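Please open the structure in a viewer and keep the selection panel at hand.

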Amino acid sequence: MKEIIIEGLSKKIKGTLILDNVNMQMEPGKVYGLRGKNGCGKTMIMRALCGLLIPDSGKVWSQMRPGPVTLVLNSPSPPKSIFFTPLT
């Protein structure tokens, strides 16, 4: 079972493509990290995971609750809450 799924995440800011069709799957019980050069979109991916980024296209799914829950999908306004996964 995948805990978090990112499908086709894309975002432009001021005409510059920051995220281009990003796809990731994260399984429960594993530790993940993002690495890359400055400005490559690491923070944008984290903002999408937290529900603070409105993507131009794509989805972020979480299965932390029963059934898939769409956290971000071209929503008209950013969600106000952030989800956390307990580490213990």
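**Conventions**

The model is a predicted one, in which local features require pLDDT of at least 70 and side-chain atom pairs count only at pLDDT 80 or more, while totals for chains, interfaces and linings use all residues. Residues are numbered from 1 along each chain as its sequence is written, and side-chain values use heavy atoms, with hydrogens and water left out.

**The whole chain**

Display the chain as a cartoon. One helix and four strands are present, and along the sequence they follow the pattern β-β-α-β-β. Helices (H or I, at least four residues) and strands (E, at least two) are DSSP runs, numbered from the N terminus.

Next, switch to a surface view. The accessible surface of the chain is about 6200 Å², and 56% of that belongs to carbon and sulfur atoms; such areas come from the Shrake-Rupley method with a 1.4 Å probe, and for residues only the protein chains shown count as cover. Of the 88 residues in the chain, 27% are buried. Buried means under 20% relative accessible area, exposed over 50%, and partly exposed in between (1.4 Å probe, protein chains only). Among contacts with a separation of 6 or more, 44% join residues 24 or more positions apart, a contact being heavy atoms within 4.5 Å.

**Colouring by confidence**

Colour the chain by pLDDT, the predictor's confidence in each residue, from 0 to 100. The chain average is 75, and 68% of the residues score at least 70. Confidence is highest in S2, at 91, and lowest in strand S4 (residues 69-72), at a mean of 43. Over residues 66-76 the pLDDT is below 50, and this stretch has 29 contacts in the model beyond near neighbours in sequence. Residues 79-84 also stay under 50, with 11 contacts beyond four places in sequence. Where pLDDT is low, the predicted coordinates should not be read in detail.

**The nonpolar core**

Select Ile 4, Ile 6, Leu 9, Leu 19, Val 22, Met 26, Met 44, Ile 45, Ala 48, Leu 49, Leu 53 and Val 60, and show their side chains. These 12 residues form the largest nonpolar core, that is, a set of buried Ala, Val, Leu, Ile, Met, Phe, Trp, Tyr and Cys residues joined through side-chain atoms within 4.5 Å. At least two core residues come from each of strand S1 (4-13), strand S2 (16-26) and helix H1 (42-50). H1 contributes the most, with four residues. In soluble globular proteins, nonpolar side chains tend to be buried together.

Keep H1 in view, where Met 44, Ile 45, Ala 48 and Leu 49 are buried. Seen down the helix axis, the buried residues of H1 fall within an arc of 140 degrees, so they line one face of the helix; the arc is that of the directions from the helix axis to the C-beta atoms.

Met 24 is partly exposed, at 22% relative accessible area. Beyond neighbours within four places in sequence, its contacts are Ile 4, Ile 5, Ile 6, Leu 34 and Ile 45.

**Salt bridges**

How many salt bridges does a search of the whole structure find? There are two, each defined by a side-chain nitrogen of Lys or Arg within 4 Å of a carboxyl oxygen of Asp or Glu.

Select Lys 11 and Asp 56, whose closest N and O atoms are 3.9 Å apart in a salt bridge. Lys 11 lies in strand S1 and Asp 56 in the loop between H1 and strand S3 (57-62), so the pair ties together parts that are 45 residues apart in sequence. Lys 11 is buried, at 16% relative accessibility, whereas Asp 56 is partly exposed, at 42%.

Then select Glu 27 and Lys 30, the other pair, with closest N and O atoms 3.4 Å apart. Glu 27 is partly exposed, at 28% relative accessibility.

**Positive phi**

Most residues other than glycine have a negative phi, and most peptide bonds are trans. Select Lys 14, in the loop between S1 and S2: its phi is positive, about 50 degrees, and the residue is exposed, at 85% relative accessibility. Finish at Asn 21, in strand S2, with a positive phi near 55 degrees and a partly exposed state at 46%.
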